Amino acid sequence: MASFSNVRSSSNPRQAALQGLAKMRELAARGFAQAVMPPQARPNFRLLRRIGFSGTDADVLARAWREAPVILACAYSAAPMWTANAATVSPSADTLDGRVHFTPANLNNKLHRSEEYLQATRTLRAIFGDSSRFVVHDALPAVPAFGDEGAANHTRFAAAHGAAGVEFFVYGRAEFDPAAPAPKKYPARQTLEASQAVARLHGLDPARTVFASQNPDVIDQGVFHNDVIAVGNGNVLFYHEQAFFDEAATLDALRGALGSVDTELVPVRVASAQVPVADAVASYLFNSQLLTKQDGRMALVVPHECRENDAVARYLDAMVAGGGPIDELLEFDLRQSMRNGGGPACLRLRVALTEDEAQAMHGGVIMTETLYGLLTSWVEKHYRDRVEPKDLADPQLAIECSTALEELERILGLPGLYELS
């Protein structure tokens, strides 16, 4: 809905990147480890050539602009910035083989996202290359039955990140059950079958795995992922009363599963009378990050839009003052991301690691003050501060993107990360 409302408007890629980096820097300074998921190569010449646009790169861009400007826009999509959709991650405390498992999301519901898994897989395997500690699976088959949107529909509950936990998968429809609830207006992007397949691939204990149906009525109100209507962390579930098809059964299932790891679920329920679904969607209240602080209480990372919505602002003030598990708000300006439908939760993929696992991953992507300085300088050097739809036909923009990524490979210490033409 956000992207439709901003169609054909100009964008500011430089500001988008700097806003995301600023959020990472502040959270890292507060002790929440941050790592960079490098952007994907754009435009997607592979897509354009596969559908009949041939010749030099300039020829491809010129003809695509003349004949299929919407598809050209898809080939330039910056949606991979929403790393919550990059993959589903299960920490080693939950898996049968004691390794961290990743399954890149196939994102096959939308053309502009359907090929992201190729680079996401390549990137994750470059960062988490130690096969004794990490497994990066292939994406699920790119067919409707296995529509997979990654961590945007996945939550993990545990007493602590390193403890055994419960993995919670929320789906919008069941491909092979015609009687299952399903939306009527907007597509349900996550299927039950995809969620079950990921759980099998990751070797999860069925007793500590919960599958729940999203409320189809809220999907039709613009809640395209579960992380637009619910967010979890530790043993806390912050959710809207209309989030799930069967709220009581969902909470009972989570309580039962958490009982097996001696943890009690703490639900924080937002009633429709407090915040209508429309306000939750407009403000992205639930597309927030819920983080455990050193004192054991939690902070909620929200976009500025939450302060601009009266109902949401009132609710948040009352919640923080109410003595519950969430006692602090961290607000960020993420306007460029929000204009296309991505809040704080969209901009992160949570990867829970032990100290040894953290040491085994590629350290060049870990956010430090030095890396922050290098990346902000890189963004200022290479990113345009204004892009209009017509600019997508400019061959120079494609050259600028390729040049930037070549330099990024050096900054992050990931040579050969991209297959650049």
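Mentor: The account below begins with the annotated site and then moves to the surrounding strands, helices and cores.

The model is predicted, so local features are given only at pLDDT of at least 70 and side-chain atom pairs only at pLDDT 80 or more, whereas totals for chains, interfaces and linings use all residues. Residues are numbered from 1 along each chain as its sequence is written, and side-chain values use heavy atoms, with hydrogens and water left out.

An unreviewed UniProt entry carries the annotation "active site" for E149, H225 and C346. Its positions are given in the numbering used here, with shortened feature names, and such annotations may be inferred rather than shown by experiment. The three positions are spread over 198 residues of sequence, yet they cluster in space, with a largest C-alpha distance of 11.3 Å.

E149 lies in the loop between β3 (134-136) and β4 (154-157); helices (H or I, at least four residues) and strands (E, at least two) are DSSP runs, numbered from the N terminus. E149 counts as buried because its relative accessibility is 2%; buried means under 20% relative accessible area, exposed over 50%, and partly exposed in between, with a 1.4 Å probe and protein chains only. Leaving out residues up to four places away in sequence, E149 touches H225, and its other partners include A84, N85, R189 and Q190. Contact here means heavy atoms within 4.5 Å.

C346 is placed in the loop between α13 (335-338) and α14 (355-360). With a relative accessible area of 2%, C346 is therefore buried. Its contacts beyond four places in sequence include M81, W82, A84, D227 and N287.

N287 deserves attention as a neighbour of C346. It sits in the loop between α10 and β10 (289-292) and is counted as buried because its relative accessibility is 0%. The side chain of N287 reaches the backbone oxygen of D227 at 3.1 Å. That is a polar contact: a pair of N or O atoms within 3.5 Å, where within protein one must be able to donate a hydrogen and the other to accept it, and residues adjacent in sequence count only if both atoms are side-chain atoms. Further contacts of N287 include V228, G342, G343, P344 and A345. The loop that holds N287 also contains Y284. Y284 has a positive phi of about 60 degrees although it is not a glycine, and its relative accessible area of 6% is why it counts as buried. Most residues other than glycine have a negative phi.

The loop of E149 ends at β4, which belongs to an open sheet of 3 strands in the order β4-β5-β6, with mixed pairing. The edge strands are β4 and β6 (209-213), each pairing on one side only. β4 and β5 (residues 166-171) pair in the antiparallel sense over 4 bridges; two strands pair if DSSP finds at least two bridges between them. Within this pairing, F157 stands opposite V166 in β5. Helix α7 (residues 192-201) packs on the sheet, touching β5 and β6, and its direction makes about 155 degrees with that of β5. Helix α9 (residues 247-259) lies across β4, β5 and β6, at about 160 degrees to β5. For these angles, axes are lines fitted to C-alpha atoms, for helices over the stretch in contact, and angles run from 0 to 180 degrees between N-to-C directions.

Which residues have the most contacts inside the largest nonpolar core? They are F168, L237, F244 and L254, in a core of 37 residues. A nonpolar core is a set of buried Ala, Val, Leu, Ile, Met, Phe, Trp, Tyr and Cys residues joined through side-chain atoms within 4.5 Å. Elements giving two or more residues to this core include β5, β6, α9 and α10 (277-283), and α9 gives the most, with 4 residues. L237 is in contact with F157, F244, L251 and L254, among others. A second, separate core of 31 residues includes A86, W378, L405 and L412.
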